[in-house]
Amino acid sequence: MTQHAADTSRPVLAAADTQAAGEPRGWWRDAVIYQVYPRSFADANGDGMGDLPGIRSRLPYLRDLGVDAVWLSPFYASPQADAGYDVADYRAVDPMFGTLLDADALIREAHELGLRIIVDLVPNHSSDQHEWFQRALREGPGSPLRDRYHFRPGLGADGELPPNDWESIFGGPAWTRTANPDGTPGEWYLHLFAPEQPDFNWDSRAVADEFRSILRFWLDMGVDGFRVDVAHGLVKAPGLPDLGAHNQLHLLGNDVMPFFDQDGVHEIYRAWRQILDEYPGERIAVAEAWTPTVERTANYVRPDEMHQAFNFQYLSTYWDAVELRAVIDSSLAAMRPVGAPTTWVLSNHDVTRHATRFANPPGGTQLRTAGDRELGLRRARAASLLMLALPGSAYVYQGEELGLPDVTDLADEVRQDPSFFRASGQDGYRDGCRVPIPWSGTEAPYGFGPAQGGPSWLPQPAEWAGLSVAAQTGDPTSTLELYRSALTIRRGHPDLGAGSAVEWLDAPEGVLAFRRGAFRCLVNTTGETVEFDTPGRLLVSSAVDAVPGRLAPDSAGWWAV
Ligand code: TEU
């Protein structure tokens, strides 16, 4: 396999100066964006929880890996009922992660290294500890603060029934009853996620004004963009009508729901785009929007809305040549009319890592079985090369460059994902992809924290010593070096990165072959070696023993002609 030195020649990005005056470069059209999950990336103070100084210390690693931008999952002040996606103060850093000064230093240093920073924005709901919600509770029915959330009287003779039949994504009803200031049972409030995450009412002017101000706060801090959490959820159908169906989680992604993907959300994003465009340096917004179809996802990235949307249809596709080709074609076709880049993603903090998904038979994105690890890793490496060869922007979730599997055998006692508990342990295995990263050494926490034998908020498996950054660095057969090579080639190859089409080539059953200019990508999704007239010069292969004229089982390769 060809190895390449990392490209360290990229320009410094000064805050608020990330774009030369005039021509927009559209850096985001082909950016590789690396997701850092702050709790689990690097722990500088040794308390077992990752933090901003830890991330800062590892920025050179990300620069050398060859990514363009870093997306940070929430690090805001939060009681951590949903690992930080329950925000109590949108303008403060939780002490567990550091301070605003740490955030400032992180943004500046990233820019000095040529890395952009995207932060998570959680506008669908706040924490129940947010000042507005607490005041709304204290002041009781009739408080103007209640208008900023969805408070409703209950149904039934004594208001003992929830106001409608909506179910929480995390299981159970989407409503929780409050107690009045005098202790009597009171109104109910809506929470599409955990009860500690009350949904904002986006018909309230105060809510819309507040979020525009929060955007400006972080843009003034120098961030390059926002990943917008639950972007499909902000607007609810007028009157909050019943859905008339149970088991609503299983309808998600198939139908437009009264609480998801309502057309009204787009007005919000148009207003945000104007704010982003006021700032220099092409600040972007990325929609986390679960919609029924890629065509509906495209609505979020019309020219006057957000810049990118996650391609969850791609993430949800199994290791199957026919299905992969279909989703690649439909994804590219859906984005073409709106002119937005297609994005590609295989893993994130909400789903079972792809090395484990592909180790198992098709079974969705929440798995609790390890499957055939060797097979999963082979497929994961191939899947990553395929993803990085496709036109557009790609997302890499921390640890996938190490080929990490999900930790499927976490004891129930150590789990923290609220969806696991709300679903009575039948679902919500998201802790398995959130286990802290192994950096070095032979003993846990493998350099995640400073002290050998020190704590980590989720336990790491013993076999992760062999998967650490240090263990893989310099080993040409390692997944880390595969990513480094692929990202370096991608950065330098004129036919890789941005684009809106691939040209499919004839290939045997189970093989994907496409051309982009003088670049070729071949993927063998079968478990057999396939004889194939491999073109030109091999640039990189996911198979450690690549041979001309043959495609190894479950492998992908890049060629230059
Ligand atoms: O996720 C939104 C969302 O829809 C997820 O619940 C997703 O459907 C599920 O995790 C897939 O298994 C975002 C965040 O990414 C997630 O971590 C939060 O828990 C959620 O919002 C609530 O803020």
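Biologist: How far is an oxygen atom of the ligand from an N or O atom in the side chain of Asp82?

Modeller: In this predicted model, the separation between an oxygen atom of the ligand and an N or O atom in the side chain of Asp82 is 2.5 Å. To read such a value, one sets it against the cut-off for a polar contact, a pair of N or O atoms within 3.5 Å.

Biologist: Which distances from an oxygen atom of the ligand do polar side-chain atoms of Arg227 and His349 have?

Modeller: For Arg227 the distance from a polar side-chain atom to a ligand oxygen is 3.0 Å, and for His349 the corresponding value is 2.9 Å. Around these atoms, the protein covers 91% of the 480 Å² of accessible area that the ligand has on its own.

Biologist: How many residues surround the ligand, and which are the closest?

Modeller: The ligand is surrounded by 17 residues, the closest being Asp82, His125, Asp229, His349 and Asp350. Sorted by class, this shell consists of 7 charged, 6 nonpolar and 4 polar residues.

Biologist: Turning to a single side chain, where is Glu210 placed, and in which helix?

Modeller: Glu210 belongs to helix α5, which spans residues 205–221.

Biologist: Is Glu210 buried or exposed, and why?

Modeller: The general idea is that a residue counts as buried under 20% relative accessible area; Glu210 has 18% relative accessibility, and therefore counts as buried.

Biologist: With which residues is Glu210 in contact, leaving aside its neighbours within four places in sequence?

Modeller: Once those neighbours are set aside, Glu210 is in contact with Arg91 and Trp132. With Arg91 there is a polar contact between the two side chains, at 3.0 Å.

Biologist: How many helices and strands does the chain have, and what percentage of its residues is buried?

Modeller: The secondary structure comprises 14 helices and 20 strands, while buried residues account for 60% of the 561 residues. As for contacts in the chain between residues at least 6 apart in sequence, 68% join residues at least 24 apart.

Definitions and conventions: Residues are numbered from 1 along each chain as its sequence is written. This is a predicted model: local features need pLDDT of at least 70, side-chain atom pairs count only at pLDDT 80 or more; totals for chains, interfaces and linings use all residues. Side-chain values use heavy atoms; hydrogens and water are left out. A residue is near a molecule or strand if one of its heavy atoms lies within 4 Å of it. A polar contact is a pair of N or O atoms within 3.5 Å; within protein, one must be able to donate a hydrogen and the other to accept it, and residues adjacent in sequence count only if both atoms are side-chain atoms. Accessible areas come from the Shrake-Rupley method with a 1.4 Å probe; for residues, only the protein chains shown count as cover. Ala, Val, Leu, Ile, Met, Phe, Trp, Tyr, Cys and Pro count as nonpolar, Asp, Glu, Lys and Arg as charged, and the others, Gly among them, as polar. Helices (H or I, at least four residues) and strands (E, at least two) are DSSP runs, numbered from the N terminus. Buried means under 20% relative accessible area, exposed over 50%, partly exposed in between (1.4 Å probe, protein chains only). Contact means heavy atoms within 4.5 Å.
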